[in-house]
Amino acid sequence: MPAPLILAHRGASAAAPENTLVAYELAIEQGADGLEIDVHPTRDGHLVSIHDDSVDRTTDGRGRVTELTLAEIRQLDAGSGFSPDFRGVPVPTLDEVLDLTARHGLVLNIEVKDIYRHDAAYDGAAEAAAEAVLARVLAEQVVFSSFNHTSMAELKSRHPELTTGLLMMMPLHEVGAYARTTGADALHPALAALTPALITQAREANLAVNAWTIAPPFSPLPEEEQLRAMWAAGVDAVITNIPDVAVAQRAELA
Ligand code: G3P
Ligand code: CA
């Protein structure tokens with residue numbers, strides 16, 4: 001069985017400002033096999049790599065991503081809030097991350113944040129991301145994921161050649177059978193959802209299991225321990241804020 005992949009969650013986000021090119025480049029230096037990024041649409045229809053639906057937490061600006069233009073977002077500082085060392089680091093576009101992916105032969109997990117169903121701006125977000133990936137012939141390197149499983153099912157039905165994963169925080173009943181109804185290729189559970197039943201059903205349904213760690217203080221279990229539980233469960237990939245630690249742990253397992 002191949003060694004599990006290590007994908008850097010929002011980049012090497014424990015050591016650099018999340019969802020920025022510096023966090024992605026650091027993850028590559030640390031030996032990650034790929035990246036996990038979040039994408040939202042801007043008011044003028046571009047996709048940017050940022051976690052929240054507003055720029056408030058991670059930049060020096062204010063407002064919802066869907067109400068700001070790309071030019072307005074590009075003026076923001078997405079680095080200083082993490083540390084003055086990263087002053088002026090911008091919010092990247094999906095296109096920039098795709099260029100990085102192509103340049104380094106990375107695996108890229110694009111989490112489409114289309115869970116804001118009250119905002120029509122998100123309706124075409126998954127499709128726009130898919131078109132950007134297909135235009136660069138990067139489909140084989142990219143896994144799409146979302147907590148919006150309907151969106152992933154619709155994406156898969158429009159583009160069977162794309163790889164899709166279902167994000168989950170908690171165990172789902174009959175998860176293998178459920179995932180098959182969406183055409184998904186992978187399950188993306190947090191540790192709480194990574195049950196023995198999920199592993200068994202994923203194997204039966206030929207689904208990859210790409211598990212993600214939750215950073216403190218949002219998880220009571222240190223990320224290092226979450227990772228150890230994930231290796232032990234037999235996952236295909238870990239998605240983690242500490243790819244350097246994951247790389248060291250994986251080497252110990254080999
Ligand atoms: O891809 C897993 C994880 O990123 C989902 O949660 O909130 O960190 O985007 P969040
Ligand atoms: Ca994410």
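Colleague: Where does ligand 1 sit?

Modeller: This is a predicted model, in which local features need pLDDT of at least 70 and side-chain atom pairs count only at pLDDT 80 or more. Chains are lettered from A and ligands numbered from 1 in the order in which they are written. A pocket is an open set of points, on a 1 Å grid over the protein atoms alone, where a 1.4 Å probe fits, with protein on both sides within 12 Å along at least five of seven lines; a molecule sits in it if more than half of its atoms lie within 2 Å of its grid points. By that rule, ligand 1 sits in the largest pocket.

Colleague: Which residues coordinate the calcium ion (ligand 2)?

Modeller: Donors are N, O and S atoms within 2.8 Å of the metal (3.2 Å for Na, K and Ca), and water is not among the atoms, so the site may look incomplete. Along the chain, the donors follow the spacing E-x1-D-x72-E. At 2.1 to 2.2 Å, the coordinating residues are Glu36 (OE), Asp38 (OD) and Glu111 (OE).

Colleague: Is Asp38 buried or exposed?

Modeller: Buried means under 20% relative accessible area and exposed over 50%, with partly exposed in between (1.4 Å probe, protein chains only). Glu36, at 3%, is buried. Asp38 has a relative accessibility of 0%, and therefore counts as buried.

Key: Residues numbered from 1 in each chain as written. Heavy atoms only, no water. 1 Å grid on protein atoms, 1.4 Å probe; cavity = no way out; pocket = protein on both sides within 12 Å on 5 of 7 lines; lining within 4 Å.
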